[in-house]
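Here are a few exercises to work through with the model open beside you. Try each one yourself before reading the solution.

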Amino acid sequence: MNTQQSGLSTIRPTSLADQVHAQVQHMITAGRFAPGAAINIAQLSRQCGVSHTPIREALARLAAEGQLIFVRNIGYRLPEPPTVKQYTDWAVARVVVESNALLYILGPIDLALIDKAQDINDQIRQSDFGKTASGIRRFSELNWRFHATLIGLADNAMLEDAHSRLYASPQFSRIFLGRGVINQNDVAEEHERVLACLRDGDCQAAAQALRDHIVDSLDRDAQQSHISGLIRRALNGRLSEDNSGTA
């Protein structure tokens, strides 16, 4: 299969590992690999037009980010679909990192970053993402950029690094393939509430609004009621039965 037939462009000889990383990340989101499928380094090398070295470097980065799995003596493969626990753990980690980051904004709130987040959210609200892999990928990337911009308000490199490691949109956005982005307007409206609190200088309210948005958004995406219940109970920090008989 040549690069034209596969729909892939030949990687240019600058920042090879970065370009391969982006290319494979897009392939994952687009569903080019079946769940659990092995990643063939030699085939990727031919498709991208680069040597094995940047391919291995890019795949190692993707594995470190949780988008691929490395199996000794076998190589890299795409993870199986996320389990209920993996999805719930991801949701909890996002709430802990993202909402709490807004509580540690030191000094004046950077209005330029607020404007940047507003621009991203306007694109989320106004775009027609459709049902194809490319549209779903665009939504996922815009949504993640919005949340990453909010993390930037804390001006904390360690928080930004922790948040970047939580990037898992290629795994979880696949639920939208073939049916489109559900509740697109709800997502944009919830983002607006967070931004409004930040413009008012109320970081406490912004953190709560962001927490509510993450919980509600992931709860909507979970689809199955038993998964949704587990997510909400985990994020509330207690089992629903604990509420019975309490004052």
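**Exercise 1.** Is Glu98 buried or exposed? Find its helix and its partners too.

*Solution.* A word on the ground rules: this is a predicted model, where local features need pLDDT of at least 70, side-chain atom pairs count only at pLDDT 80 or more, and totals for chains, interfaces and linings use all residues. Residues are numbered from 1 along each chain as its sequence is written, and side-chain values use heavy atoms, with hydrogens and water left out.

Step one: Glu98 has a relative accessible area of 1%, so it is buried (under 20% relative accessible area; exposed means over 50%, partly exposed in between, with a 1.4 Å probe and protein chains only).

Step two: Glu98 sits in helix α5, residues 84-101. Helices here are DSSP runs of H or I with at least four residues, strands are E runs of at least two, and both are numbered from the N terminus.

Step three: the side chain of Glu98 makes a polar contact of 2.8 Å with that of Arg94. The term covers a pair of N or O atoms within 3.5 Å; within protein, one must be able to donate a hydrogen and the other to accept it, and residues adjacent in sequence count only if both atoms are side-chain atoms.

Step four: setting aside neighbours within four places in sequence, Glu98 is in contact (heavy atoms within 4.5 Å) with Trp144, His147, Ile151, His163, Leu210 and Ile214.

**Exercise 2.** Work out how α10 and α11 run against each other.

*Solution.* Start with the axes, which are lines fitted to C-alpha atoms, for helices over the stretch in contact, with angles from 0 to 180 degrees between N-to-C directions. Those of α10 (residues 184-199) and α11 (residues 203-221) come within 8 Å and cross at roughly 170°.

Now list who touches whom: α10 brings residues including Asp186, Glu190 and Leu198, while α11 brings, among them, Ala205, Leu210 and Arg220. Sort the contact residues and you get 8 nonpolar, 3 polar and 4 charged. Here Ala, Val, Leu, Ile, Met, Phe, Trp, Tyr, Cys and Pro count as nonpolar, Asp, Glu, Lys and Arg as charged, and the others, Gly among them, as polar.

**Exercise 3.** Which residues does Leu198 contact beyond its sequence neighbours?

*Solution.* Leu198 is in helix α10 and is buried, at 1% relative accessible area. Leave out neighbours within four places in sequence, and its contacts are Ile105, Ile109, Ile114, Leu150, Leu153 and Ala206. Take Leu150: it is 48 residues away along the chain, with 9.7 Å between the two C-alpha atoms.

**Exercise 4.** How many helices and strands does the protein chain have?

*Solution.* Count 12 helices and 2 strands. Of the 247 residues, 45% count as buried.
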